[in-house]
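Trainee: I have a chain to look through before the group meeting. Can we take it in short steps?

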Amino acid sequence: MKRIMISKLLLLGLALLLCFAWLLPQTMLAAGAPSFALITGNKTDLGKEIQVTVKGTNLTDVFAYEFNIVFDSKRLKFKEAKSAGTGFTVSPIVNGDHLTFAHTKIGEIPGDNGDLTFFSLVFQSIGTGNAAIEIKDVNLVNSKLEKTSQNVGVRVSITIGKPQLNDIAGHWAEASILRAVELGIVTGYNDGKFRPQGQVTRTEFVTMLMRSLQLPLSELNELTFTDLDKIPAWARASVSTAVKAKIIYGFEDNTFRGDKPITRAEMVTILVRAFGLNANSEAKLTFNDAGKIPAYAQKSVAAAANAGLVGGKGNNLFAPKDNTTRAEAVVLILRFLDMK
């Protein structure tokens with residue numbers, strides 16, 4: 001509670017700082033006015049993350065700043081932003097294709113001079129073609145609370161191509177895999193492979209699921225699993241969000257077992273819970289191995305099968321203990337998404 005109150009006070013202080021600066025005489029932009037740049041690569045593949053660094057030169061006593069940025073929201077999905085400086089950062093405000101990022105130093109200290117890296121943005125590429133990112137305008141406040149405003153108009157264009165996945169041609173899930181990549185649910189590996197028959201761990205599946213649901217990721221790490229060290233840093237926000245939303249739970253010994261391959265029974269149970277499918281259905285299990293489906297999963301599997309979302313393998317076997325492949329996970333997530 002104390003941490004939340006401090007954050008709110010800092011947020012209010014930054015807002016007052018930027019607003020109060022409007023009441024002071026606007027500093028005229030001299031011949032040596034600041035200049036700004038967006039630094040990023042000019043090409044990427046669909047589904048990949050794109051990092052954009054915002055820099056400035058010829059700066060004088062920058063104590064606080066606010067950037068207004070426009071991006072191609074049809075091809076880019078904003079993921080996160082991080083300031084390069086010390087102080088307090090306002091959580092980025094995203095409204096459609098507009099993004100506002102603000103930051104301030106704290107205390108009676110001088111502002112920054114010369115060349116400066118302001119912050120970095122991370123986007124997920126969700127559509128092919130040329131995606132533009134532009135700094136529309138910048139507000140700078142110095143340590144004397146004097147403000148300068150500058151229309152910038154600096155932009156970059158990133159060419160997003162189709163993913164070059166070299167191991168899915170002719171695979172039964174090829175179309176679903178390409179669609180999932182476009183939606184930002186999954187990506188390929190650095191070697192250009194997707195590995196559709198590779199096994200999916202519990203951590204990987206939860207991450208895919210959170211991407212598909214597009215829930216705001218939890219900023220606070222509230223995980224208490226005793227094997228937390230086995231959950232990679234890149235997945236903790238997704239796992240934390242899923243736990244908070246009561247989509248997943250740990251085991252009786254308070255472990256998550258994130259590096260364990262997820263079984264078909266576990267996967268269907270989580271999907272039914274995540275998408276709100278009624279698991280109290282009176283539908284009967286008709287699989288030949290129905291007796292091998294764990295008790296905790298029977299109602300979920302029955303509901304999903306009755307809705308036409310899951311089927312059996314050969315000989316009408318559900319194979320509840322079989323590990324899930326990347327292709328199977330993608331196909332099932334998309335089926336549940338289409339049901340919404």
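Predicted model: local features only at pLDDT ≥ 70, side-chain atom pairs only at ≥ 80, totals over all residues.

Trainee: Where is the place of Thr325?

Mentor: Look between two helices. One is α6 (295-306), the other α7 (326-339). Thr325 is in the loop between α6 and α7.

Trainee: Is Thr325 buried or exposed?

Mentor: Use its relative accessibility, which is 11%. The cut-off for buried is under 20%. Because 11% falls under that, Thr325 counts as buried.

Trainee: How much of the chain counts as buried?

Mentor: The chain has 7 helices and 10 strands. It runs to 340 residues. Of these, the share that counts as buried is 45%.

Trainee: What share of the contacts with a separation of 6 or more comes from residues 24 or more positions apart?

Mentor: Take the contacts in the chain with a separation of 6 or more. Then keep those between residues 24 or more positions apart. They account for 76%.

Trainee: Why is α3 largely enclosed by the rest of the structure?

Mentor: Helix α3 covers residues 202-213. Its buried residues include Phe205, Val206, Met208 and Leu209. α3 is largely enclosed because its buried residues number 10 of the 12.

Trainee: Which helices do the buried residues of α3 pack against?

Mentor: Two of the partners are α4 (233-244) and α5 (264-274).

Trainee: What span does α3 reach from its first C-alpha to its last?

Mentor: α3 has 12 residues. At 1.5 Å a residue, the expected value is 16 Å. The model comes close to that, at 17 Å.

Trainee: How many residues of strand β4 are buried?

Mentor: β4 covers residues 64-71. Ala64, Glu66, Asn68 and Val70 point one way, and all are buried. Tyr65, Phe67, Ile69 and Phe71 point the other way and are buried too. The count for β4 is 8 of 8.

Methods. Residues numbered from 1 in each chain as written. Heavy atoms only, no water. Helix = DSSP H or I, 4+ residues; strand = E, 2+ residues; numbered from the N terminus. Buried < 20%, exposed > 50% of the residue type's maximum accessible area, 1.4 Å probe, protein only. Contact = heavy atoms within 4.5 Å. Expected span 1.5 Å × (residues − 1).
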